[in-house]
Amino acid sequence: MKTLISILLLVSVFTVAADNSLPANRHVTVQGSAELTATPDIALISFDVSSMQPTALKAKAEVDSRVNQFLDGVKDFAVKTDGITASNLLTEPHYLYTDGNDRQLAGYTARRSLKVELTNIDQLNELINFALKVQLNEVTNIQLQASNSEEMQKQATAMAVKNATAKAQALASAFDARLGRIYSINSNTQRQQGGYERIEVTGSRLGAADVAPGRYLQATVKFSSTVDAVFDLKVD
């Protein structure tokens, strides 16, 4: 019985060791982090356009007309043809309900969504004004990007590695030890984009107070990286 218990205990020790990702020898675990901020030079703007008309055909024609006006005029901006995405058309009946809970057909709604990549961010306000002028109903999202985002993310990761190494060396030195070889690395990168608040136009026309140039203050893109590292420790 004692032999059986000893074998079971031995197996349990090996199981725990196998599940533990840390080395059995002396080691130090650290986390390094870094963040870089860049000025965006690209904007991805998403628009929605919709119209309700007595028939589905008229609603489709109205939406198509607005989209075509936008596509004809967008050539005056820093937008390439392959930087425009226009979704398929969606039409559906629109019903109203009376006090007696009777359903009445009020018309048909047609919807389309567009996404535009603007490579000159200085034209952002002007492009939005033009889209609203041709009655694209909503600006649903604006994403800011940097054209050198890949390089910026690599730099952030490299800085996080240096930060982790410096922390490990400082800890080892504080305990009269020397930093050994790297045992494991776990990297987590995250790109945080600056964005603009949702803009929605509910009226058919803009008043004089509405057409004043907007001010967009969140014009940065942040690149962050976190590195978890385990180093061996050498003690004399």
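Trainee: Which residues in H2 are buried?

Mentor: In H2, the buried ones are Ala59, Val63, Asp64, Arg66, Val67, Phe70 and Gly73. Buried is under 20% relative accessible area, exposed is over 50%, and partly exposed is in between, using a 1.4 Å probe and protein chains only. Helices (H or I, at least four residues) and strands (E, at least two) are DSSP runs, numbered from the N terminus. Before we go on: this is a predicted model, where local features need pLDDT of at least 70, side-chain atom pairs count only at pLDDT 80 or more, and totals for chains, interfaces and linings use all residues. Residues are numbered from 1 along each chain as its sequence is written, and side-chain values use heavy atoms, with hydrogens and water left out.

Trainee: Got it. What covers those buried residues of H2?

Mentor: The cover includes strand E2 (42-53), E5 and H3. Covering here goes by contact, meaning heavy atoms within 4.5 Å.

Trainee: And how many residues does H2 have?

Mentor: H2 has 18 residues and reaches 26 Å from its first C-alpha to its last. That is close to the 26 Å expected at 1.5 Å a residue; the expected span is 1.5 Å times one less than the number of residues.

Trainee: Back to Asp64. Which residue does Asp64 form a salt bridge with?

Mentor: Lys60, with the closest N and O atoms 2.7 Å apart. A salt bridge is a side-chain nitrogen of Lys or Arg within 4 Å of a carboxyl oxygen of Asp or Glu. Both residues lie in helix H2 (residues 56-73), four residues apart, about one turn of the helix.

Trainee: Why does being four apart matter for the direction they point?

Mentor: An α-helix has 3.6 residues a turn, so residues three or four places apart point the same way.

Trainee: Okay. Is Lys60 buried, exposed or partly exposed?

Mentor: Lys60 is partly exposed, with a relative accessible area of 34%. Asp64 counts as buried at 17%.

Trainee: How many salt bridges are there in the whole structure?

Mentor: A search of the whole structure finds five. Lys154 is exposed, and so is Glu150. As for networks, salt bridges that share partners join Lys60, Asp64 and Arg112 into one.

Trainee: What about Arg111, which residue is its partner?

Mentor: Arg111 forms a salt bridge with Glu92, the closest N and O atoms being 2.5 Å apart. That pair links distant parts of the chain: Arg111 is in strand E5 and Glu92 in strand E4 (residues 90-97), 19 residues apart. Arg111 is partly exposed at 37% relative accessibility, and Glu92 is partly exposed at 34%.

Trainee: Switching topic. I see Gln123 in a loop. Where is that loop?

Mentor: Gln123 lies in the loop between strand E5 (103-118) and H3. With a relative accessible area of 17%, Gln123 is buried.

Trainee: What does Gln123 touch?

Mentor: Not counting residues up to four places away in sequence, Gln123 touches Asp76, Phe77, Ala78 and Leu118. A polar atom of the Gln123 side chain lies 2.8 Å from the backbone nitrogen of Ala78.

Trainee: Last one: what does Ala219 touch?

Mentor: Ala219 touches Pro40 and Leu144, not counting residues up to four places away in sequence. Ala219 is found in the loop between strand E8 (199-200) and strand E9 (221-234). Its C-alpha is separated by 9.6 Å from that of Gln145, 74 residues apart along the chain.

Terms used: Polar contact = N/O pair within 3.5 Å; in protein donor to acceptor, adjacent residues only side chain to side chain.
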